[in-house]
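Hi everyone, thanks for coming. I'd like to walk you through one structure today, so please have a look at it on the screen.

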Amino acid sequence: HPKTDIEELFNQAARFVEEDDQRISGRVLYVEDSTVVAHVMLRILERLGLEVDHYTSASDAFEAFDKHAYDLVVSDILVEGEMSGMGLVSRIREKFPDKARVPILAVSGMDDINRRMELFRLGVNDFISKPVVEEEVVARVSNLISNKQLFDQVRAQRRHLYELAMIDQLTGLYNRNSLSEFANKSFSEANRHDFPLSLILIDIDHFKQINDTHGHLTGDEVLAAIGEMLKEKCRNEDFAVRFGGEELMLILPHCDSEGAVQRGEELREAVESLEPAGIHVTASLGVTSRPLGREVSMEDLFRVADAAVYKAKEGGRNQVIT
Ligand code: GH3
Ligand code: MG
Ligand code: MG
Ligand code: MG
């Protein structure tokens, strides 16, 4: 009968949608030493669509927590072995402050308020008693995981916004917005403790001509390649910024003038041998360092470096001037 076929199909689709709504994706670390309890819980979690790593020992679970990124820890409280479920929870919270947003759901046979308070103090987020009821597990697990994933999303978005605001999208270097914060910090530190500090200004030679000859898009490619090279050559404490169109700047904390001239020469050579987009490109560099015993601002060093770049251009480009 055609009508029943359609009805049946419709019902199947409705069931499918309902089932699909309950499914959540995520990876769960599950600790339970009783195979009977584990069997029930594993079925519930897997029906939800979760990927579950099941351990019968708390110390093995602790190692797994270190190795993988989990969306939830479900832990039995009484576990045989040298580490208990309580021990696991407290060690996880102690040793991994950066994973404090991974929720922990404690499962226990003993439902006692003092024990619960103790568990919350140790860093457990929610609690469920044995024997577990499927609906309750589904509700608590879904809540914990969706909160955690929402938090991850917010954090990722915040990082993305930060990058949009602070990182130049073409070169991957910092943009000018982020300069003042870093400059303030590094200049005041250098002035206060009389640490060395250097600044290198890099201006690509005949960049207008590169654009005119090869097109603006190729010009962009050249800039991006030089930015990437610069990032690679940066040390952790260095700060590389796209200061203007094709003007790049490096602030080098703890780098004296001798070191800075050497770095400048290395960079000049690196630009010359880079051949981005198959084009021979060179740059002129101005290098300047904070004289020890004297307070300087970024503007002071910038003026000197800018004048040095001007001299490098006058002197025939592709050179480093101090
Ligand atoms: P010099 O050797 O004296 O530095 O010559 P130059 O042509 O590099 O100097 P100038 O400052 O006169 O020209 C810089 C050019 O850089 C002008 C501008 O069109 C180009 N430019 C600035 N920003 C970008 C960009 O994001 N992409 C591309 N493709 N070109 C850019
Ligand atoms: Mg147990
Ligand atoms: Mg320029
Ligand atoms: Mg230029």
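What share of the 322 residues in the protein is buried? Buried residues make up 30% of them. By buried I mean that 20 or more other C-beta atoms lie within 10 Å of a residue's own; exposed is 12 or fewer, partly exposed is in between, and the C-beta atoms are placed from the backbone.

Before I go on, a word on the source. This is a predicted model: local features need pLDDT of at least 70, side-chain atom pairs count only at pLDDT 80 or more, and totals for chains, interfaces and linings use all residues. Residues are numbered from 1 along each chain as its sequence is written, while chains are lettered from A and ligands numbered from 1 in the order in which they are written.

The protein has 11 helices and 10 strands.

Let's start at strand 4, residues 104-108, where 5 of the 5 residues are buried. Ile-104, Ala-106 and Ser-108 point one way, Leu-105 and Val-107 point the other way, and all are buried.

Which strands pair with strand 4? Strand 3, residues 72-76, pairs with strand 4 in the parallel sense over 4 bridges, and pairing here takes at least two DSSP bridges between the strands. Val-74 is the residue opposite Leu-105. From strand 3 the chain passes through helix 4, residues 85-95, to strand 4, and this β-α-β crossover is right-handed. That term applies if, with the strands pointing away from the viewer, the path from the first strand over the helix to the second runs clockwise.

Strand 5, residues 126-129, also pairs with strand 4 in the parallel sense, over 4 bridges. Here Ala-106 stands opposite Phe-127. With helix 5, residues 113-122, strands 4 and 5 make a right-handed β-α-β unit.

The peptide bond from Lys-130 to Pro-131 is cis, with omega near -5°. For background, most peptide bonds are trans, and most residues other than glycine have a negative phi.

On to the cores. A nonpolar core is a set of buried Ala, Val, Leu, Ile, Met, Phe, Trp, Tyr and Cys residues joined through C-beta atoms within 7 Å. The largest has 41 residues, and Ile-200, Met-249 and Leu-285 have the most contacts inside it. Strand 6, residues 197-204, gives the most to this core, with 6 residues. A second, separate core of 32 residues includes Val-79, Val-124, Leu-144 and Ile-145.

Now, what sits around ligand 1? There are 17 residues around it, and Asp-205, Phe-207, Lys-208, Gly-219 and Gly-245 come nearest; being near means a C-beta atom, placed from the backbone, within 6 Å. Strand 6, helix 8 (207-214) and helix 9 (216-233) each give two or more residues to this shell.

Last, two backbone angles. His-206, in the loop between strand 6 and helix 8, has a positive phi near 45°. His-206 is partly exposed, with 14 other C-beta atoms within 10 Å. Arg-317 has a positive phi too, of about 65°, and lies in the loop between helix 11 (298-314) and strand 10 (320-321). Arg-317 is partly exposed, with 15 other C-beta atoms within 10 Å.
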